[in-house]
Amino acid sequence: MIIPYEQLSSDALQGLIEEFITREGTDYGEEELSLGVKVEQIKQQLRRREIVVVFDTASESVSILSRRDAELLE
């Protein structure tokens with residue numbers, strides 16, 4: 001189920017984004033970006049609706065997915 005990110009408190013959204021960013025481990029790109037820059041990039045993607053917040057009722061967990069992947073799950 002897609003949850004509008006605007007319905008989350010700012011603290012909950014911040015925690016979710018940080019967990020999403022750090023879940024994959026180290027970034028090995030050409031340029032290492034700070035956590036703050038990465039958080040802002042994720043927020044921009046949420047505003048553009050490229051990615052969405054998803055609640056999984058089976059596991060009762062929240063995650064961030066691409067809009068396409070989230071729509072395939074529904």
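Q: Why is Glu60 called exposed?
A: Glu60 has a relative accessible area of 64%, and exposed means over 50% (buried is under 20%, partly exposed in between, with a 1.4 Å probe and protein chains only). So 64% puts Glu60 in the exposed class. One heads-up: this is a predicted model, where local features need pLDDT of at least 70, side-chain atom pairs count only at pLDDT 80 or more, and totals for chains, interfaces and linings use all residues. Residues are numbered from 1 along each chain as its sequence is written, and side-chain values use heavy atoms, leaving out hydrogens and water.

Q: What makes Arg49 partly exposed?
A: Its relative accessible area is 38%, which falls between the 20% and 50% limits, so partly exposed is the label. Arg49 sits in the loop between α2 (35-47) and β2 (51-56).

Q: How do you know which elements the chain has, and in what order?
A: They're DSSP runs, numbered from the N terminus: helices are H or I with at least four residues, strands are E with at least two. That gives three helices and three strands, running β-α-α-β-β-α from the N terminus.

Q: What makes a set of residues here the largest nonpolar core?
A: A nonpolar core is a set of buried Ala, Val, Leu, Ile, Met, Phe, Trp, Tyr and Cys residues joined through side-chain atoms within 4.5 Å. The largest such set has twelve residues, among them Ile3, Tyr5, Leu16, Val39 and Ile64. Overall, 23% of the 74 residues count as buried.

Q: Which residues does Leu46 contact, leaving aside neighbours within four places in sequence?
A: Contact means heavy atoms within 4.5 Å. Leu46 meets that with Tyr5, Leu13, Ile17, Ile51, Val52 and Val53.
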